[in-house]
Amino acid sequence: MNNQEATKSLRAGIVGGGQGAFIGRVHKIAVELDGIAQVVAGAMSSDPQRAQDSAKAWGLSRSYGSYMEMANEEALHPEGIDFVIIATPNHLHTDIARAFLAKGIHVMCDKPLSNDISEAHGLSEFYDNIDNTLFGLTHTYAGYPAVMEAQAIVASGSLGIVRKVLVEYQQDWLMFPLEQNGDNKQASWRTDPTKAGISCCVGDIGTHAAHLAELVSGQQISELAADLSCFVAGRRLDDDASMLLRFNGGAKGVLLCSQIAAGEENRLSLRIYGSEGSLEWQQEEPNTLIIKMAGEPWHRHRTGKTLHSAAAQAAIRVPAGHPEGYLEAKANLYCEFMADIKRLQRGEMPLKNYPGMTEGIRGMRFIQAAVSSSEHNARWMPV
């Protein structure tokens with residue numbers, strides 16, 4: 001790989017994310033935000049006409065009728081894609097990832113990793129035997145500068161020993177049976193066990209809460225006791241969950257996630273309590289990180305002004321007071337992922353400063369443990 005090739009703009013493709021999907025355009029904006037890459041190809045729907053129409057609306061150079069056709073053709077194309085975005089329902093993640101990884105095409109996949117723990121382990125074993133091909137997972141909230149700062153503060157030891165972790169993710173968009181009229185595509189597949197797997201709420205947003213808790217606390221969830229509920233009549237998967245957590249570093253925790261919490265939009269919040277102080281972050285106010293040291297006034301840190309860690313500083317794009325949010329956070333993950341692609345092109349080692357296969361497997365184990373615990377009257381289960 002010569003230097004000119006290693007410094008050129010990257011080309012991306014996408015599977016899924018066609019008309020009627022929310023997340024596809026979010027990925028496109030995030031990938032292209034910093035001018036490092038452009039989405040040029042896609043297999044955007046299993047419906048041929050919708051796939052064509054979606055690709056045309058995005059101005060893509062190449063549109064495919066299936067992900068397998070896309071993987072085969074792009075691997076041979078003289079200007080083929082450098083990486084693919086997987087933005088499909090959960091049950092398709094594993095097969096699509098395998099298809100592109102087998103062709104040496106890097107993969108950035110929506111979470112959770114799959115809809116089945118055995119499939120996830122199979123993909124992980126497959127990936128372990130592939131060299132120089134990257135896999136990333138879009139736990140977007142890891143890309144917020146304030147979250148990076150929180151992680152650095154806990155790691156520095158300034159809060160003391162982490163004792164308690166409280167994390168919640170509350171929404172209300174599934175408080176009515178939207179899936180039953182067939183008009184809401186997002187509700188339909190997320191509440192369908194054949195497409196979403198064994199969980200709706202825990203798999204969809206509980207995994208984000210668990211990943212955030214582990215990332216910032218620096219400890220892994222070792223055991224949990226979970227009570228999953230399905231409050232909407234006729235729904236086949238959970239829409240609410242309450243959990244007690246035990247962490248491998250000795251901390252105890254509580255995780256709440258719900259998609260039937262009336263009046264809540266996207267209320268993801270995290271509190272970490274240590275032996276010397278604590279911190280608090282809320283996704284709906286993402287530029288603010290509150291530090292509470294014992295016996296002192298609260299310290300209010302702001303993105304672009306008082307975040308000091310190297311990771312947070314590198315992730316900030318605009319001056320203080322200019323909101324940076326979900327799109328920028330996802331773009332930060334892509335920036336790290338694409339920087340690793342560039343490193344491989346230059347013959348360097350990737351840094352992998354983004355969630356990947358390991359986090360994907362942990363997420364699947366978390367879902368399995370939560371569902372199993374609830375099925376056994378909230379019995380403690382290992383993760």
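Does Asp340 count as buried or exposed? At 0% relative accessibility, Asp340 counts as buried, where buried means under 20% relative accessible area, exposed over 50% and partly exposed in between, computed with a 1.4 Å probe on protein chains only. The model is predicted, so local features need pLDDT of at least 70 and side-chain atom pairs count only at pLDDT 80 or more, while totals for chains, interfaces and linings use all residues. Residues are numbered from 1 along each chain as its sequence is written, and side-chain values use heavy atoms, with hydrogens and water left out.

**Salt bridges**

- The count comes to 15 salt bridges, a salt bridge being a side-chain nitrogen of Lys or Arg within 4 Å of a carboxyl oxygen of Asp or Glu.
- Asp340 forms a salt bridge with Arg343 (2.8 Å, N to O). Both residues lie in helix α12, three residues apart, which is about one turn of the helix. Arg343 is buried as well, with a relative accessible area of 17%.
- Salt bridges that share partners join Lys111, Arg190 and Asp204 into one network.
- Arg235 and Glu179 meet through their side chains in a salt bridge (2.8 Å, N to O). This pair links distant parts of the chain, 56 residues apart: Arg235 is in the loop between β8 (221–229) and β9 (240–247), and Glu179 is in the loop between β7 (162–170) and α8 (185–190). Arg235 counts as buried at 7% relative accessibility, and Glu179 is buried with a relative accessible area of 15%.
- Lys292 and Glu280 also meet in a salt bridge (2.8 Å, N to O). Lys292 lies in strand β13 (residues 288–293) and Glu280 in strand β12 (residues 277–282), so the pair ties together parts that are 12 residues apart in sequence. Both Lys292 and Glu280 are buried.

**Sheets**

- Helices (H or I, at least four residues) and strands (E, at least two) are DSSP runs, numbered from the N terminus. Two strands pair if DSSP finds at least two bridges between them.
- Strands of a sheet pair through backbone hydrogen bonds, either parallel or antiparallel.
- Nine strands form an open sheet with mixed pairing, in the order β14-β13-β12-β11-β7-β10-β9-β8-β15. Its edge strands are β14 (299–302) and β15 (381–382), each of which pairs on one side only.
- Within this sheet, β13 and β14 run antiparallel and are joined by four bridges. Leu289 stands opposite His301 in β14.
- Six strands form an open sheet with parallel pairing, in the order β3-β2-β1-β4-β5-β6. At the edges stand β3 (62–63) and β6 (135–137), each with a single partner strand, so one side of each is left without a neighbour in the sheet.
- Strand β1 (residues 10–16) runs parallel to strand β2 (residues 37–43), and six bridges join the two. Gly13 stands opposite Ala41 in β2.

**The second largest pocket**

- The second largest pocket has a volume of about 720 Å³. On a 1 Å grid over the protein atoms alone, a pocket is an open set of points where a 1.4 Å probe fits, with protein on both sides within 12 Å along at least five of seven lines. Grid points are joined across faces, edges and corners, and a volume is the space filled by probe spheres set on the points.
- This pocket is lined by 34 residues, lining residues being those with an atom within 4 Å of a point. Ala142, Gln151, Leu215, Asn353 and Tyr354 lie nearest its centre.
- The elements that give two or more residues to the lining are α7 (145–156), α10 (201–217), α11 (310–315), α12 (326–345) and α13 (357–375).
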